[in-house]
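Please look over the sequence and the structure shown below before reading on. The briefing that follows is grouped by topic.

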Amino acid sequence: MELDRTPARRADGSDAELLAAALAGDGVAFGRLVGPVRDELRAHCYRILGSLHEAEDAVQETLDRAWRALDRLDDHSGIRPWLYRIATNRALTLAARRRRRELPAALRPDAAPATEVAWLQPYPDRLMAWADHLDPAARVIARESVELAFVAALQHLSARQRAVLLLRDVLDFPAREVADLLDTTVVAVNSALRRARAVLAGRLPDRTQQRTLGTLGDPARRELARRYAAAWEGGDVETLVAMLTEEARYSMPPQRAWYQGRDAIRGFLVEAVLSHRWRFLPARANGQLAFGTYRWDDDRASYLPAGLDLLALDGARVTEVVSFLDAPFPAFGLPDRLAGDEFAARR
């Protein structure tokens, strides 16, 4: 799996002027100086932490610390590497405080009880808009690095190995700069990178979702999404099962139970699909096919959020569904309720 190699942006004349103004206490200038880097810092912290909320916290603390310590910035290296230093170390501190984040299908039988599991969280595609200025190939690679499979695989590395791999293979920082950033040696960086690559090699799918979706093409992708949503809304379990690969998986964090294979998933779907009325809205998360799912509530006479479903495809078939039952719908541009007429208008 190739990864994003976005070049570090050196300080130019306008950056130098903004830095001078910020050093003089101009908060607006500081905001303009760090603004172009903020969203990519959030994506970097999300890759390390597997949590949108923690990534937001890490970036906010990074900018607070940068503002207070701005006079320590070496203006020859530029604002971007300096901010990555602060953000990476802040993310490492947060990662050290809890267990790695999981998806249900990755849990061992002897894993901690579900109440003690930290679950991987989805990431809104709208927060990847910073990658739009990249050339098409680089843009695809940047989006591959927030796909669920990649972020989940990262969680099986130590926090420091995650940081090394991301800084070297995703962000293309030189080994010496990574060693300085992490207060270690080049030998230690290279050793951690080898170990990290070996672990990921056995955990990543052969093809990313970006490449799968690109091969499928927009018309086929839209038709697949239409059929999937229509089958849920129409109570057509057999169509849903026929869209799955033989070894497909279905999970619903924070519930620990998950299902594998068409027969097991069919049994779940018969109960879930036929017992309720459903509405699906297209969503954008982790660069994957996604839906905001809504279930009818008689008491409130509305469709209420039931889960953010992320689909992984193998060609034109669904190989995995991860339904995040407690996803914050507004963060993904989804309403927190749907009336019947509102649903028709949105569709």
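How close do the axes of helix 4 and helix 7 (residues 159-170) come, and at what angle do they cross? Their axes come within 9 Å and cross at roughly 155 degrees, where axes are lines fitted to C-alpha atoms, for helices over the stretch in contact, and angles run from 0 to 180 degrees between N-to-C directions. This is a predicted model, in which local features need pLDDT of at least 70 and side-chain atom pairs count only at pLDDT 80 or more, while totals for chains, interfaces and linings use all residues. Residues are numbered from 1 along each chain as its sequence is written, and side-chain values use heavy atoms, with hydrogens and water left out.

**Helix packing**

- Helices (H or I, at least four residues) and strands (E, at least two) are DSSP runs numbered from the N terminus, and two packed helices are described by the angle between their axes and the distance between the axes.
- The angle of roughly 155 degrees between helix 4 and helix 7 makes the two helices roughly antiparallel, given that angles under 35 degrees count as roughly parallel, over 145 as roughly antiparallel, 65 to 115 as roughly perpendicular and the rest as oblique.
- The contact (heavy atoms within 4.5 Å) is made by Y84, T88, L92 and A95 of helix 4 together with A159, R160, R162, A163 and L167 of helix 7.
- By class, the contact of helix 4 with helix 7 has six nonpolar, one polar and two charged residues, where Ala, Val, Leu, Ile, Met, Phe, Trp, Tyr, Cys and Pro count as nonpolar, Asp, Glu, Lys and Arg as charged, and the others, Gly among them, as polar.
- Helix 2 and helix 4 (residues 79-95) pack with their axes 10 Å apart and at an angle of about 30 degrees, and they are therefore roughly parallel to each other.
- On the helix 2 side, the residues that make this contact include L33, V37, L41, H44 and I48, and on the helix 4 side they include L83, Y84, A87, T88 and A91.
- The contact of helix 2 with helix 4 has 14 nonpolar, two polar and two charged residues by class.

**Nonpolar cores and buried residues**

- The largest nonpolar core has 87 residues, and those with the most contacts inside it are W82, L83 and L308; such a core is a set of buried Ala, Val, Leu, Ile, Met, Phe, Trp, Tyr and Cys residues joined through side-chain atoms within 4.5 Å.
- Helix 2 (residues 27-49) gives the most to this core, with eleven residues.
- A second, separate core of 29 residues includes W278, F291, V318 and V321.
- W82 touches A66, A69, L70 and L73, leaving aside residues up to four places away in sequence.
- Buried means under 20% relative accessible area, exposed over 50%, and partly exposed in between (1.4 Å probe, protein chains only).
- The buried residues of helix 5 (residues 136-144) are A138, I141, A142, R143 and E144, and they pack against helix 2, helix 6 (148-154) and helix 10 (209-216).
- H44 is found in helix 2 and counts as buried because its relative accessibility is 0%.
- Not counting residues up to four places away in sequence, H44 touches Y84, T88, L166, L167 and L171.
- Y294, in strand 6 (residues 288-297), counts as buried at 0% relative accessibility.
- Y294 and L73 are 221 residues apart in sequence and 49 Å apart in space, C-alpha to C-alpha.

**Loops and backbone features**

- Most residues other than glycine have a negative phi, and most peptide bonds are trans.
- N286 sits in the loop between strand 5 (278-285) and strand 6, and its phi is near 55 degrees, a positive value in a residue other than glycine.
- At 0% relative accessibility, N286 counts as buried, and the residues touched by N286, beyond those up to four places away in sequence, include Y46, P122, Y123, D125 and L310.
- The C-alpha atoms of N286 and E144 are separated by 8.1 Å, although these residues are 142 residues apart along the chain.
- D183, found in the loop between helix 8 (175-181) and helix 9 (186-201), has a positive phi of about 55 degrees although it is not a glycine.
- With 67% relative accessibility, D183 counts as exposed.
- A cis peptide bond with omega of about 15 degrees joins P253 and P254, and P254 is placed in the loop between strand 3 (244-251) and strand 4 (258-260).
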